[in-house]
Amino acid sequence: MNNKQRYYNQPCSISEPNWKSYVVKTTGEPVFTPEQCNKIIDTGRSQPKRTGKIGKKGSLTDTTIRTDTRLSHISWIPYGMLEPMYRQLETVMHNTNRNHFGFDNMQLTEHAQYTEYSDGGFYNWHMDSGVSFESGNEPVRKISMSLLLNHENEFEGGDLELCGEGNVAPLTQGHAIFFASFLNHRVKPVTKGVRKSLVVWFGGTPFK
């Protein structure tokens, strides 16, 4: 065996650093207090209410209503209405990205989505990755965030699952989960009450 053959036959072990993770939950103090959560709820409810849509196959910007895939009501919160909320979310995102994701050029690229899942509401398996729906071009979605706005005792069901059935990410009021937008996830049907959440996407330059 020559040196070249010996080189290519060497065993190779590749692993991610321990700090890197594609699913991160906030711990300790919540991102928002109950009072702040209530203000976000009131603001979200003050905006035009829409039925949640999904992207059409082969299109990143065209959307359609598919109640067999998604059943929820949403509204969009303009930047100017809750600037302190947006600043706080950017701070938490940057800290999370620096410590866990390591994605390039991350920034807030879209308005926050206020979402309500009433009794029977759900959102089947899907991914958030793709071009920002607001920009239509770069940056692309890289990190998704879901934050629970109302108290967890106010509803039943509505579990957020990631990467397969049974991988539940339970949240308490004011806490959030950040995850890579290319991960498959769903919201299981709410069986009682109303689940109120804040969904935000953060974008960056395309993956290389």
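## The chain at a glance

The protein chain holds three helices and 17 strands; helices (H or I, at least four residues) and strands (E, at least two) are DSSP runs, numbered from the N terminus. This is a predicted model, in which local features need pLDDT of at least 70 and side-chain atom pairs count only at pLDDT 80 or more, while totals for chains, interfaces and linings use all residues. Residues are numbered from 1 along each chain as its sequence is written, and side-chain values use heavy atoms, with hydrogens and water left out.

Of the 208 residues in the protein chain, 43% are buried (under 20% relative accessible area, with a 1.4 Å probe and protein chains only).

## A covered strand

Let's visit strand E11, residues 140-148, where nine of nine residues are buried. E11 pairs with strand E17 (residues 195-204) in the antiparallel sense, over eight bridges; strands pair if DSSP finds at least two bridges between them. E11 also runs antiparallel to strand E14 (residues 176-180), joined by five bridges.

Ser-144 shows both pairings: Trp-201 stands opposite in E17, and Phe-179 is the bridge partner in E14.

## The nonpolar core

The largest nonpolar core has 43 residues, and Met-85, Leu-89 and Met-145 are among those with the most contacts inside it. Such a core is a set of buried Ala, Val, Leu, Ile, Met, Phe, Trp, Tyr and Cys residues joined through side-chain atoms within 4.5 Å. Helix H3 (83-101) is one of the elements giving two or more residues to this core, and H3 gives the most, with six.

Leaving aside neighbours within four places in sequence, Leu-89 is in contact (heavy atoms within 4.5 Å) with residues including Val-31, Phe-32 and Met-145.

Key:
Buried < 20%, exposed > 50% of the residue type's maximum accessible area, 1.4 Å probe, protein only.
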